[in-house]
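Morning, everyone. Let me put the model on the screen, and then we'll walk through it.

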Amino acid sequence: MDLFGVTRTELRTIVNEGLKGGGWCDLYFEQTVYNDLLLRDSQVASGGFHLDYGCGIRVLNGEKTGYAYSESTDFASLMDAARAATAVAGKPGSFKTGSAAPKAVPPYGMELDWDGADKKELASWLASVEAAIRAREPRTSKVIALMSWSVSHIMMYNSLDELTFDSRPLGSVTVTAIFSQAGSTEQRNVSRSFRCGREMLSDELKETLAAEAVAGLDDSFAARRPKGGKMPVVMAAGASGILLHEAMGHAFEADFNRKGQSIFSDRMGKRICKRGINILDDATVPGNRGSLAYDDEGVPGQKTYMVQDGVLTSYLHDRISAGWYGVPPTGNGRRESFRYNPIPRMRATYMESGTDGTLQDLIASVQKGIYVDKFANGEVKIGEGDFTFYVNRGYLIENGRITMPVKDINIIGNGPKALADIEAVADDLIIDNGTWTCGKEQSVAVSCGIPSVLIKNLTVGGE
Amino acid sequence: MITQEEKQLARECLDFALQAGASDARITLTKSTEDLIATLDGQVDRVTRCADRSLSIAIFAGGSFGSFSSNKIERDSLRTFINEAVATVRMLAPDPYRRLPDPERCCKDAQSGFEMQIYDEAYQHMTAGVRSKSALDAAVFGKNVQALAEGAALISEEGEYSDSEYDVYVIDTHGLECRHTETSFDYGVEVTIQDAEGNKYSDYWWTASPRLADFDPAQCGVTALKRACAQIGSEPLKSGRYNMVVSSNVASRLVSPLLNALNAYSIQQGNSFLVDSLGKQVFSDRLSILDEPWRKGESGSKLFDSEGVRTSAAPIIENGVIKRYFVNTYMSGKLGMDPTGEDAVRPLLKAFPKAGTDESGLMELCGDGILVTDFNGGNCNMATGDFSYGIAGQLFRDGKTVKPVSEMLITGNFLTLWKNLIASGDDFRSCSPKLIGSLAFSEVEFSG
């Protein structure tokens with residue numbers, strides 16, 4: 001509380017002011033210091049840090065929200081913000097919510113605190129990533145590498161008199177490498193992000209980034225666009241989990257279902273994909289970018305199965321939707337910063353390994369189709385469930401074997417239909433540790449994962 | 001609004017930086033307020049009050065450079081913050097190309113902040129009651145709306161009204177001082193409908209204006225409903241090459257990659273499909289884009305960029321010839337090119353072959369093809385210009401829409417696409433800072 005200069009008595013007074021306009025009031029104090037160093041043209045010649053500090057105050061009256069924030073945490077400013085947040089109702093109201101939060105064990109920590117970092121050493125490590133890429137690949141023409149790290153100190157207090165603290169580290173390295181060959185250029189983007197200290201900056205990480213940046217480069221230069229159309233698609237384990245996040249995960253978020261917008265809003269308890277498929281959203285993976293000790297409503301981080309053995313079993317809830325559905329909150333109430341009210345958001349979303357063999361088995365079962373090795377961004381329309389994903393790298397599958405490399409194409413489909421069309425799930429789950437950021441109204445750090453899967457019919461863009 | 005005391009504090013921060021050992025510095029002080037009323041199904045669902053301020057400082061010290069920001073705008077904490085910032089900059093590698101812009105290029109006629117006439121005093125008189133009424137009046141849920149298709153039901157309507165005030169003040173150690181102030185009134189709405197078979201369709205519409213008198217959200221809900229209903233029964237068509245007309249509300253999606261490829265950062269890194277194209281005929285001679293940043297009273301107008309450099313009204317692409325890269329002070333040194341400006345402020349794509357052409361006129365001109373009314377995902381490889389985007393829209397024949405289309409992709413290369421430009425309209429939306437009308441292209445590859 002010293003960091004934010006408030007006492008528990010003051011917190012109670014502010015919350016009581018908020019309760020004049022609703023049945024629930026919570027406070028979210030945050031101080032985040034974000035740092036970055038940028039390597040460009042083989043030099044770390046720019047960097048900086050950015051301080052963000054303030055408190056958001058939320059008043060709930062039923063499902064209605066009043067929200068205000070202050071960049072000053074003196075008592076008078078917070079009382080003003082509390083009064084502004086009561087504007088949604090103007091009189092005392094009601095709100096149902098789940099039980100008080102037990103103490104959570106953070107699934108992250110810092111062995112080597114970022115605050116103690118020698119920036120010259122950090123810059124030197126960043127430069128060594130470029131050296132590792134150039135050592136592996138003489139066609140390297142440019143490397144841009146960004147190292148960023150932040151530590152957020154969070155304090156949450158609510159009208160149940162629950163006081164919760166969290167310190168969230170987040171370190172990331174993003175590398176863009178450009179390669180040239182006979183007048184052609186290829187660009188690769190690789191990244192890693194973890195909730196941990198600067199112990200993440202190991203030789204192993206450097207070599208992993210370098211290896212991933214140059215992997216399959218000959219194939220990328222040779223890649224062409226395939227003939228487009230509907231065909232089976234095998235998706236590689238790991239980053240293909242973006243399919244789960246975009247095409248299915250958003251439709252599992254309870255706010256879209258509460259409002260009747262999601263394609264899954266009337267499917268609870270029903271079979272939505274084949275037996276044996278389990279899909280979950282998890283805040284407890286150690287050091288994962290999407291992990292949280294508590295969500296941004298003070299609810300402990302937890303594992304939430306949305307699909308068990310092919311049946312839809314849970315949505316992802318914040319306190320509002322949990323109250324509306326009469327279920328406990330699932331710890332998915334998240335926000336970008338104190339400037340935003342929390343809403344249901346994913347954390348680490350993945351599918352558990354299946355029992356349908358290996359990636360090679362899946363490829364061998366396809367007569368003519370596409371193997372997607374690397375996805376980039378995706379987008380989904382929640383109501384219709386239609387999604388699109390951009391394929392950075394992939395291959396044609398012909399007669400059960402990988403043949404021509406392909407790139408720069410889109411795959412389009414419908415989320416619920418694609419889920420129902422998953423024919424095989426391999427036993428090779430990988431949770432991808434890239435710098436995934438979800439942009440539903442606000443930006444939050446997430447991650448995703450999936451084992452290799454075979455989807456029987458998707459539309460592939462092409463010539 | 002930024003006060004005299006806050007401006008004085010910004011000036012003191014420049015002194016703090018020099019005292020800490022910086023050779024030069026630039027301060028950008030921003031302050032904004034926003035009130036937002038969100039509605040769900042015709043009722044107020046969320047009320048939000050936002051008030052922000054931030055001080056950013058670019059520091060040049062010992063030949064090195066760094067950028068920093070804080071929202072703790074208090075003298076003592078800022079002095080400590082700036083001392084730490086200068087110490088951090090000294091740990092970075094020197095970069096001879098980092099410098100403040102030449103004062104001769106800097107803006108000298110943005111002193112009051114009101115020069116662009118996009119600040120409306122009416123903002124000062126907005127009340128909670130007026131805001132709620134604006135949001136609720138614009139909602140269509142539960143009202144007798146003729147736009148809803150027969151057999152369809154409106155499942156959900158989420159609207160969001162907001163008004164805001166934004167103020168920015170930029171100074172540097174070479175004597176730069178400029179300010180920009182604007183207001184904005186905004187409304188956006190997304191509807192979800194269900195057809196008789198239980199299929200859901202969603203769509204959106206929005207409007208915005210710097211002046212309350214020109215702000216008219218009344219038709220947004222109806223427009224969103226019409227757009228959603230137009231999708232009922234949509235399906236992919238047979239893959240093949242079609243003429244493509246792109247609606248003005250989404251046409252900037254195809255122009256942004258061109259502007260990004262002209263940015264000197266992309267050029268210098270070799271990550272642009274327009275490297276070595278300055279002065280060359282690259283696109284169809286039907287394509288001309290110019291920047292129009294100085295239109296008083298219009299959304300997005302601005303006299304200076306983030307360096308304080310005066311924006312310029314100049315051609316970007318003229319009859320298919322690349323006339324301009326976007327070169328800021330830093331990239332000017334790196335590339336050995338004259339600086340221009342850091343980005344397009346209000347790009348205007350000129351109508352061809354004649355003014356007064358809209359989406360319907362382009363469909364008539366093309367005869368048959370696909371009208372794209374929305375994009376769904378996709379990407380562009382900036383190094384090659386290869387792109388692939390998901391689309392939704394309408395099949396048209398003899399200039400008239402006949403059937404809704406969805407789950408299709410367009411695939412191609414931007415160099416080819418813009419060589420195949422048939423015509424462009426001037427039906428751009430004035431509420432957008434990108435003045436891009438409807439566009440028509442031939443020989444576009446669609447997959448379904």
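Let's begin with one residue: is N319(B) buried, partly exposed or exposed? Keep in mind that this is a predicted model. N319(B) has 15 C-beta neighbours inside 10 Å, so it counts as partly exposed. Buried would take 20 or more, and exposed would take 12 or fewer. You'll find N319(B) in a loop of chain B, between β9 (315–318) and β10 (321–322). Its backbone deserves a look too. Phi is positive there, about 50°, and N319(B) is not a glycine. Most residues other than glycine have a negative phi.

Now go to chain A for another case. D408(A) also has a positive phi of about 50°, and D408(A) is not a glycine. It sits in the loop between β16 (401–406) and β17 (409–414) of chain A.

While we're on backbone geometry, here is a peptide bond. In chain B, the bond from F352(B) to P353(B) is cis, with omega near 5°. Most peptide bonds are trans. P353(B) belongs to the loop between β11 (347–349) and α8 (359–366) of chain B.

One more loop residue, back in chain A. R198(A) lies between β6 (184–194) and α4 (203–214) of chain A. R198(A) has 22 C-beta neighbours inside 10 Å, so R198(A) counts as buried. Which residues does R198(A) touch, leaving aside its neighbours within four places in sequence? They are L112(A), W114(A), A117(A) and G171(A). Compare that with P232(A). In sequence, R198(A) and P232(A) are 34 residues apart. In space, their C-alpha atoms are 42 Å apart.

Zoom out to the whole of chain A. It has 10 helices and 23 strands. Buried residues make up 58% of the 463 residues.

Next, a sheet in chain A. Six strands form an open sheet, in the order β10-β9-β8-β13-β22-β19, with mixed pairing. Which strands are at the edges? They are β10 (311–312) and β19 (430–432) of chain A, and each pairs on one side only. Strands of a sheet pair through backbone hydrogen bonds, either parallel or antiparallel. Look at β13 (348–351) and β22 (447–450) of chain A. They run parallel, joined by three bridges. Y350(A) stands opposite G449(A) in β22(A).

Now the two chains together. The contact between them takes 54 residues from chain B and 61 residues from chain A. On the chain B side, which element gives the largest share? That is strand β2 (43–61) of chain B, with nine residues. The chain B side divides into 17 nonpolar, 26 polar and 11 charged residues. Strand pairing crosses between the chains here. Strand β3 (64–70) of chain A and β2(B) run parallel, and four bridges join them. For a landmark, find Y67(A), which stands opposite T48(B) in β2(B).

Last stop: the domains of chain B. The domain assignment gives domain 1 (4–229) and domain 2 (240–447). Their C-alpha centres lie 25 Å apart. The contact takes 23 residues from domain 1 of chain B and 18 residues from domain 2 of chain B. Which elements give two or more residues to the domain 1 side? They are β4 (153–172), β5 (177–194) and β6 (200–209) of chain B. β6(B) gives the largest share, three residues. By type, the domain 1 side has 12 nonpolar, four polar and seven charged residues.

That's the tour. Over to you.

Technical notes
Residues are numbered from 1 along each chain as its sequence is written. Chains are lettered from A and ligands numbered from 1 in the order in which they are written. This is a predicted model: local features need pLDDT of at least 70, side-chain atom pairs count only at pLDDT 80 or more; totals for chains, interfaces and linings use all residues. Domain bounds come from an automatic or database domain assignment. Two residues are in contact if their C-beta atoms, placed from the backbone, lie within 7 Å. Ala, Val, Leu, Ile, Met, Phe, Trp, Tyr, Cys and Pro count as nonpolar, Asp, Glu, Lys and Arg as charged, and the others, Gly among them, as polar. Two strands pair if DSSP finds at least two bridges between them.
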